[in-house]
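Opening the notebook on this one.

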Number of protein chains: 2
Amino acid sequence: MSTPKTMANTSGEFGRITRFFKPLAAGFAGARGLRDDAAVFGVPEGRELVVTTDAMVAGVHFFPDDAPGDIAAKLMRSNLSDLAAMGAEPLAYTLVTALPRGLPDSWLEAFAAGLGADQQQFGIALAGGDSVSTTGPVTLSVTAFGLVPAGRALPRWGGRPGDRVFVTGTIGDAALGLEIAYGRLDLPDEEASGHLLRRLRRPDPRTGIGPRLIGLAGGALDVSDGLVADLGHLCEESGCAALLQAEAVPLSDAARGAIDGDPARLALAITGGDDYELLFSAPESARDALAALSAAGGVAITEIGSLLPGEAGTVTVLDGTGAALPLTRRGWDHF
Amino acid sequence: MSTPKTMANTSGEFGRITRFFKPLAAGFAGARGLRDDAAVFGVPEGRELVVTTDAMVAGVHFFPDDAPGDIAAKLMRSNLSDLAAMGAEPLAYTLVTALPRGLPDSWLEAFAAGLGADQQQFGIALAGGDSVSTTGPVTLSVTAFGLVPAGRALPRWGGRPGDRVFVTGTIGDAALGLEIAYGRLDLPDEEASGHLLRRLRRPDPRTGIGPRLIGLAGGALDVSDGLVADLGHLCEESGCAALLQAEAVPLSDAARGAIDGDPARLALAITGGDDYELLFSAPESARDALAALSAAGGVAITEIGSLLPGEAGTVTVLDGTGAALPLTRRGWDHF
């Protein structure tokens, strides 16, 4: 039996918090300088708080030797993507770290620097958290807070038969990037390879688009489990089915080159997950507004299919000839 | 190198969430039935949100073979104690579980039942969370949300020289209970032994007292690191020193019997931590109101010392003769 308490307590939680985390909380008054038992903040009248949590474990969600700054970015951005999918503006976050005793301060320093860079980029600040030791792998979680106009958060279940299905950015980069990371895919084009790996390690949460979808989108979520699986979630919660046009799915040049006409790789792209793009339904009448939003934000918004009556959660993927594409799986199940 | 994604995904996150966690979220509309990417809730006008996080790792913060219901209670109650220390009323919580793949459903069922029982007892509900797998020990964290009147949260730094120091309940039960759990302490009195173990495993967060300390207490926090260490934290943040009368520290009959006049065990009681009692300063003029609050709540509130000018954070512990008690440590450092 291992030994609660006596194992846990030698190497200076307070010192590490002061050195690495207090600076991250300096910009948010509600953090109380990390000097109190809890954070305290208000929510402006007419707005609601959106709260989401994502956890990551070394060896499960990232490679143990990934750069700490990349790990920080992925942790932060997967949470920011959830806020965006709800239509929320980022406000603050709390952080829980469970770290092996021998982890050097340099790791934590680079991790905190990654968090700090993303705080700047996305306008969010550290509100509080907890730091514990573990005998297992590095285990991290962020709980992110955002604000939406009261009653207007974008639900997964807002899809209606007849709605069109849209997705931001490009799909499949992260799944193909993971193939490269495993050495199962080798691209001659270094720039393309770098793009796919970057999209795996540092996704681009659509925080600029999400809040502007309020009033336009019906059902919305972010693509983390895989495009087909997540469209299935939207349909399941909305009580309808969907048609997805595989040829319409937006691909980066790098992904298009990597797929190179191989149906298995195309299937991987649309089921692989970790895209952190926004997937949403909207009536046809929203097309022009969405095109304007896309142009203003410099982020593609692409129509990829439609919702229709049918068994809740059923997604049919059509190839370029209109034939159903057989898929051996829809996406990932995280447990 | 281990294998992100492919390791993580076989045994049904969605099924476990539906079975064990959705029922816990049924009482809180903001949880959106755990069907969305995030929770959404408002904060009433004139109130602020209090947010606190505590994490626990098997083998570090609890014994791996502890009853899952006890683990749930300790996780929940350590967070509720932080809310109470801020003067906040419990509202909701999010939960992150990182669980080994082989952990049986029966463990999770008993854990969820423990959470459910505490939800009933303390008036709090599940708002959301994340479930991931880990190759390491069971790792759990709760982020708890509470409400306080705006601008009135109890700060650690509200102590003033001349204030008296008070503590709720009894001190040292958990530290002595841990000695029993390790087999380093064997009490002939089974009832006393059971009491100390229960206080270790199922602390009693003072959620009824905390919010009523607003307007009475100056500085406040909960005793988790140890009475002496936490009084040191209060003093450090308040810029003053403290005298602590060891003989005045409230002990349960079980703790008094276990200490049995042994100075080392008394020292353990006042430095051991995990008490989850409220420690706060208040002016002498608050004594009567505190006595009435104690009587109304059925929880002891005991005066144990005073704040005085001096080097910030210095705590002098006096024995019954007024001599300084030497302590080899003040409390635990969790990192």
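Ground rule for element names: helices (H or I, at least four residues) and strands (E, at least two) are DSSP runs, numbered from the N terminus. I'm looking at a predicted model, where local features need pLDDT of at least 70, side-chain atom pairs count only at pLDDT 80 or more, and totals for chains, interfaces and linings use all residues. Residues are numbered from 1 along each chain as its sequence is written, chains are lettered from A and ligands numbered from 1 in the order in which they are written, and side-chain values use heavy atoms, with hydrogens and water left out.

**Confidence**

**Annotated sites**

UniProt positions are in the numbering used here, with feature names shortened, and annotations may be inferred rather than shown by experiment. An unreviewed UniProt entry puts "binding site" at A:Asp54 and A:Asp82. They are spread over 29 residues of sequence but cluster in space, with a largest C-alpha distance of 9.0 Å. I found A:Asp54 in strand E2 (residues 47-57) of chain A.

The "binding site" annotation (unreviewed entry) also covers A:Gly129, A:Asp130, A:Arg156 and A:Ser224. These span 96 residues of sequence and are spread in space too, up to 30.8 Å between C-alpha atoms. A:Arg156 sits in the loop between strands E5 (139-149) and E6 (164-168) of chain A.

**Helix packing in chain B**

Axes are lines fitted to C-alpha atoms, for helices over the stretch in contact, and angles run from 0 to 180 degrees between N-to-C directions. H2 (residues 68-85) and H3 (residues 105-122) of chain B have axes that come within 7 Å and cross at roughly 40°. That makes H2(B) and H3(B) oblique (under 35 degrees is roughly parallel, over 145 roughly antiparallel, 65 to 115 roughly perpendicular, the rest oblique). Their contact residues divide into 12 nonpolar, 4 polar and 2 charged (Ala, Val, Leu, Ile, Met, Phe, Trp, Tyr, Cys and Pro count as nonpolar, Asp, Glu, Lys and Arg as charged, the others, Gly among them, as polar).

I then looked at H4 (residues 173-181) and H5 (residues 190-201) of chain B, which pack at about 110° with axes 7 Å apart. H4(B) is therefore roughly perpendicular to H5(B).
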